[in-house]
Amino acid sequence: MEYVIHLSIVSGIVAILGMSLNLIVGYTGLLSVAHAAFYGIGAYVTAILLAGFGVNFFLALLLGMALAAAVALLIGLVLSRFDDDYYVLASLGLNIIIYSVFLNWNTLTRGPLGIPGISRPELGIGGYRFGLTSNFSFLVLTLLCAVLVYLAARFITRSSFGRVLMAIREDEQALQVFGYRTVYYKLAIFVIGAVMAAVAGALFASYITFIDPTSFMLRESIFMLSVIILGGLANTNGAVAGAVILVVLPELLRFVGLPSNIAAQMRLLLYGLALVLLMIYRPQGLFGKYRL
Amino acid sequence: MDLFVQLTINGVIAGAIYALIALGFALIFGVTKFFNLAHGAVAVVGGYAAFFFLEHAGLGVLPAAALAVCVAGMVGFALHKTVFLPLRRRQATNLVLLIAALGLLTVIQALIAMFFGSQFHPLSQFAGAQEVYRIAGGAITLVQLIIIISALAVFGLLTLFLKKTKFGKAVKAIGDDEEVAQIVGINTHAIIGYVFFIGSAIAGLGGVLVGFDTGIEPTMGLSLLLKGIIAAIVGGVGSLSGAVLGAFLLGLAENLGIWHISGEWKDAIAFGILIFFLIWRPRGILPR
């Protein structure tokens, strides 16, 4: 049962990442592979504030979201100058730059050693304090966040703002002719996506209670991309489905009895293979409404 | 002063390695116009093929290296045949090709890690003790000298080959316009296949030489590839001399940069340069 709860929590976190990245990649057509950077910012802010200063989880979460928004605004401004392949390349570079900051800013992030001893969230109402120390209560929190992100994503994609985003994806120039300042729209959705990723990062840090830079490498961005491409671009339900499939499927390898180092490589192999096969046979993914 | 000389030498060595990766990348980009991210994986294949021939087949250094370069070329060719050609036949967009290549990179690196383990293997253990030469107060090993010479030689030969032969003209024609090249009777698919073989073999050579200089590990593909791409873009996308120029500039900037900043920031410096160029000079120093 603990195991099922664990998988559900991880799926929930990945689903938040998938849904947020889908807003950027699927709905707006901006192929960003920098999402792990914002995931990492959320995780690091939470970790540093919780482990170092004993700040309340929810305050740390808000601060993490704010920092992710600020960084995303800067990165989004840089990225707004690029299209297609160059966008991918630049976002890839920015992911690696942020990763090197996590890795090398030793005084703040403890570099490759990582930050241990991150506490679980605590709710304080009046004099009564309630810690979300059991995995089940943490699952409730994760699902709550995932549902909020899901509703936000649905609200965004069904609003007029969302329709502009999809129009940007289909024909940005035509939209500019109609007088839309597409740059602002792209920047806005990029920041919104980054803020949601920071929520996932905060949950991850607090759940695992230990983080180090390797969780926020380019590899993770590629993993998130496979989640949404598998589930289907421009489909929020698809992103959730992709997250569950790609979290649960590699776990089956455990039951086959592969040694853990082989199993870890097998996971990567699966993600990569999923990308290649999908591109060849079904570029819109399982439930996609948009193909690259 | 000695430090400056040594950093410059290190920069030139790094530049030569980047040049080998960037040359193959630029050659392939020149005809296909998409970012072949699987190019880094091919370099790793070269390195590990050499390791396999040395460790398990007991070959000498030179035959093992030569065979490894061929294996890398063939893997590049196979990737083209099985993945990129079918996608391009279907008029897939560049983004689709790029994601497929990203998937291939992940798959190949994972496969290599599964078969050979993910630890670091120095290939120099098979080559015996190395001579160290001293230049103006700096040191350089024989392997490093070979790296610099082979990068320049490959560049020279490749340029000459593309300039003087019919094949080279066909490559240039495809680079200008693939459809028109096809109409005038050039077998574009075959030519692009050969280009994949040559470009991948050059990357494989890079992988082998890195293995002899420092060592090989499955994840080195991505970092090598990214440096190669940065070099190709800084120099001027699709131009071979630009790729080489960009590679040496990048190698020098990275190594002289750590004179004042700590060495761990090398990657950040490299990507800083990339972003700078993408914003202010997206076509590179020597545009094609």
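Residues are numbered from 1 along each chain as its sequence is written, and chains are lettered from A in the order in which they are written. In this predicted model, local features need pLDDT of at least 70, while totals for chains, interfaces and linings use all residues.

**View 1. Helix 3 of chain B and its bend at H80(B).** Helix 3 of chain B covers residues 61–89, helices being DSSP runs of H or I with at least four residues, numbered from the N terminus. Its 29 residues reach 40 Å from the first C-alpha to the last, close to the 42 Å expected, where the expected span is 1.5 Å times one less than the number of residues. At H80(B) the helix bends by about 40 degrees, the bend being the angle between axes fitted to the seven residues ending there and the seven starting there. Just after helix 3, Q91(B) takes a positive phi of about 60 degrees.

**View 2. Helix 3 of chain B packed with helix 8 of chain B.** The axes of helix 3 and helix 8 (residues 188–213) lie 7 Å apart at an angle of about 140 degrees, with axes fitted to C-alpha atoms over the stretch in contact and angles running from 0 to 180 degrees between N-to-C directions. The two helices are therefore oblique to each other, since angles under 35 degrees count as roughly parallel, over 145 as roughly antiparallel, 65 to 115 as roughly perpendicular and the rest as oblique.

**View 3. The hairpin of strand 1 and strand 2 of chain B.** Strand 1 (residues 132–135) and strand 2 (residues 138–141) run antiparallel and are joined by 4 bridges; two strands pair if DSSP finds at least two bridges between them. V132(B) stands opposite T141(B), and I135(B) stands opposite G138(B). The hairpin has 2 residues between the strands, and A136(B) takes a positive phi near 50 degrees.

Key
Predicted model: local features only at pLDDT ≥ 70, side-chain atom pairs only at ≥ 80, totals over all residues. Heavy atoms only, no water.
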